[in-house]
Amino acid sequence: LSLEDAYQQIKLADSVLKSDLGPPLSYFYKGIINGMVKNYNTAIQDYNMAISLEPGLVLAYLNRAMISYELEEHNYFEQKYRSAVQISWGKDNSSPDDNSMASPDFGDAMVDLNKVIELDPGLAFAYYNRAHIKNRLKDYHGAIQDYTKAIEQQEDFAEAYYNRGLTYIYLEDTKQACRDLSRAGELGLKRAYVVINKYCK
């Protein structure tokens, strides 16, 4: 969306709010629009309002989880790469790598995804998104378990096979990896064949 389109859509949602026709869904819709234009904090506030008005609104938890994840990633990389570039002539004034920088905190996203699974255990994308975060946290075995749960809920979930295959490659289990990548390719995910050509002889 362009910023102008987003503004028009938010005006539309606000008009529905004023008419009392459906405040929870209006806030939910505003959360989607604000998320699309990377107004992360505003999107989270919108989802908070939607959930406070309708605590069983599963997709509001799911979307809030992913916005929280994106916000943490954004803040982490902004902090990591914001240091100034220094140019020196003949002398290295660089400081050693700062390993003290805190890792992103995906706690809020994980709480929301756990809530989604509690409310709707059959929603494959909740397991898939939680697996993605577990991979980011280097919990590879936990990620594989969640990709497997996503596939159990939706047997044709090509991206879940693909990402589980990549995780198996990282764990050096190429037999399982190639099986998953092959299935992802059969389901139409063409980029799986690039990885197969590299790892599956």
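Trainee: Are H6 and H7 roughly parallel or roughly antiparallel to each other?

Mentor: Bear in mind that this is a predicted model, where local features need pLDDT of at least 70, side-chain atom pairs count only at pLDDT 80 or more, and totals for chains, interfaces and linings use all residues. Residues are numbered from 1 along each chain as its sequence is written, and side-chain values use heavy atoms, leaving out hydrogens and water. Helix H6 (residues 124-136) packs on H7 at about 165°, with angles running from 0 to 180 degrees between N-to-C directions of axes, lines fitted to C-alpha atoms over the stretch in contact. Under 35 degrees counts as roughly parallel, over 145 as roughly antiparallel, 65 to 115 as roughly perpendicular and the rest as oblique, so H6 and H7 are roughly antiparallel.

Trainee: Which residues in H7 does H6 meet?

Mentor: Contact means heavy atoms within 4.5 Å. From H6 come Ala124, Tyr127, Tyr128, Arg130, Ala131, His132, Lys134 and Asn135. On the H7 side they meet Tyr140, Gly142, Ala143, Asp146, Tyr147, Lys149, Ala150 and Gln153.

Trainee: By class, how many charged residues has the contact of H6 with H7?

Mentor: Asp, Glu, Lys and Arg count as charged; Ala, Val, Leu, Ile, Met, Phe, Trp, Tyr, Cys and Pro as nonpolar; and the others, Gly among them, as polar. Here there are eight nonpolar and four polar residues, and the charged ones number four.

Trainee: How far apart are the axes of H7 and H8?

Mentor: H7 spans residues 140-153 and H8 spans residues 158-170. They pack at about 155°, which makes them roughly antiparallel too. Their axes lie apart by 9 Å.

Trainee: Is Asn34 buried or exposed?

Mentor: Asn34 sits in helix H2 (residues 23-36), and leaving out residues up to four places away in sequence, its contacts are Ile10, Asn39, Thr42, Ala43 and Asp46. Buried means under 20% relative accessible area, exposed over 50%, partly exposed in between (1.4 Å probe, protein chains only). Asn34 has 4% relative accessibility, so it counts as buried.

Note on methods. Helices (H or I, at least four residues) and strands (E, at least two) are DSSP runs, numbered from the N terminus.
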